[in-house]
Amino acid sequence: MAKRCDLSPVWAQLQAHYAASGRGFDIRQAFVADAGRFGALSFEAPEVFADLSKNRIDAATLALLLALARDCGLEARRDALLRGDPVNHTEGRAVLHTALRAPAGSGAPFNAEVQASLDAMLAFAESVRRGERGDITDVVHIGIGGSDLGPAMVVQALQAFGRRDLKLHFVSNVDGHDLAPVLAALAPKHTLFVIASKTFTTQETLANAQAAKAWFLAAGGTDIARHFVATSSNTAAAAAFGIDTAFGFWDWVGGRYSLWSVIGLPIAIAVGADNFRELLAGAHAMDQHFATAPLERNLPVLLGLVDVWYRNFHGFTSRSVAPYHQGLRRLPAYLQQLEMESNGKGVDLDGHALSLGTSPVVWGEAGTNGQHAYFQMLHQGTDVIPVEFIAVKRPNHGASGELAEKLADQHRKLLANCLAQSQALMQGKTATEALAEKAPTASATLDRDVLSRHRSFPGNRPSTTLVLDALTPRSLGALIALYEHRVFVTGALWGINSFDQWGVELGKALCNQLLPRLESGDTVGLDGSTAGLLTRLVVA
């Protein structure tokens, strides 16, 4: 029987364990006491190696966390998800993003329908790549939320697998400053627009689509049907817009899990059908790992359990993601939606208010840029923030000759920085060590003891490092699926629905009410602040 984790008797055991040894756990001392710590706390999953040894955990902590997972029925909840049970109970839907990447003949739910949809979408992508829809040099994808973040992140990450003569542009913000500069550099006859909206009613997406259509016609475009395509189940609305090619999908495809579906059309156009299938294959391999690996070696489960340990016992409220690969620079933004929209909930499955914290704030930036921005706070700030480093062993610069040698040297510098940051977070620096050093930029008149305190680092700050051999479609698919399942694990333990997003709806409804008031200036019935701001913003 599934239960909320804080209602399990194991929860009390974890609280006692935290009070006795968890609160004062020192990662540095743990390495001194156990020479085999790295080996014991490193884990392999498809395409991903994970080092958890720089975390404030030990065998006793993991044993209790695993006992908690079992007592709360995590395995049963996982199996229900993968089986296609309606785990999104507030909307009465199954959640079957795993079915979207299951191979043909696998026996996964809706397999025949999924394969037919996939084949049609990939065939269209290949027709664009072959020039069968005209001389297309630019593809503009218009969507928002999961319809934008996933495809945009993947296309950027897999740039090395794309074509230089085919440019992908992503427009999501209803702010015209997003769309206008994209259109300014395009020619209608060389441009294909992909409008991504399941219902073809999303306000921001439709506003941008209508603006793009107006630009297309005003700039001399004549064939809307040839230059606009939709990924939407509302084919009637797409047809009314002028689109006759629309790829539909099912209500069990959630927005933040949709890149595996026809929403991934821009990915397929960018990297080709074979690479898109490799992306799916990597995700499916991680699905199999999540479904079958024992909990003790199940990487999504272990990462989720560490998240619970930090959020609910240590009280850490945020986690920073630092991918040391420029191609993954949009991954933190993608993970923000994946985790915070999924697990940013305040009631359990029965609608009861939670007394425990749920989703942390997820944020980050690509290394090494982040080192010169916010890492100061990570090292010496008053809050402890776990960091997740992602390192890629082999680069794919596509360069040759002397440039290739220079870039290979830069990649070694990149990896050295990644290792140094996690090492520095853990080791820190004592005031005594700082006192023994000479700081060339320090004030010569400042007391040396005072200066040493400024230059000391507390250390014992936790981090996880994930390693990919190379950033490929397959490894990226596995990495994304790893994060998806990890989010499910924490949500299942907290006893929440990770697959609805009612918090998004209120703002949408109020926006629709305020929109006509920005024209009329009517403030009747509004609160004082909103009325005052609206009056300030009305353009005469």
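Two strands are taken to pair if DSSP finds at least two bridges between them; strands (E, at least two residues) and helices (H or I, at least four) are DSSP runs numbered from the N terminus. The model is predicted, so that local features need pLDDT of at least 70 and side-chain atom pairs pLDDT 80 or more, whereas totals for chains, interfaces and linings use all residues. Residues are numbered from 1 along each chain as its sequence is written, and side-chain values use heavy atoms, without hydrogens and water.

**View A. The six-stranded open sheet.** The strand order is β1-β2-β11-β10-β8-β9, with mixed pairing. Its edge strands, β1 (42-45) and β9 (361-364), each pair on one side only. Strand β8 (residues 318-324) is joined to β9 by four bridges in the parallel sense, and S318 stands opposite V361 of β9.

View B. Helix α16 (residues 331-343) lies across β8, β9 and β10 (387-394), at about 175° to β9. Angles run from 0 to 180 degrees between N-to-C directions, with axes fitted to C-alpha atoms, for helices over the stretch in contact; contact means heavy atoms within 4.5 Å.

**View C. The five-stranded open sheet.** Parallel pairing gives the order β4-β3-β5-β6-β7. The edge strands β4 (167-171) and β7 (246-247) each pair on one side only. Two bridges connect β6 (residues 228-231) with the parallel β7, where F247 is the bridge partner of T231.

**View D. Helix α10 on the five-stranded sheet.** Helix α10 (residues 203-218) lies across β3, β4, β5 and β6, running at about 160° to β5.
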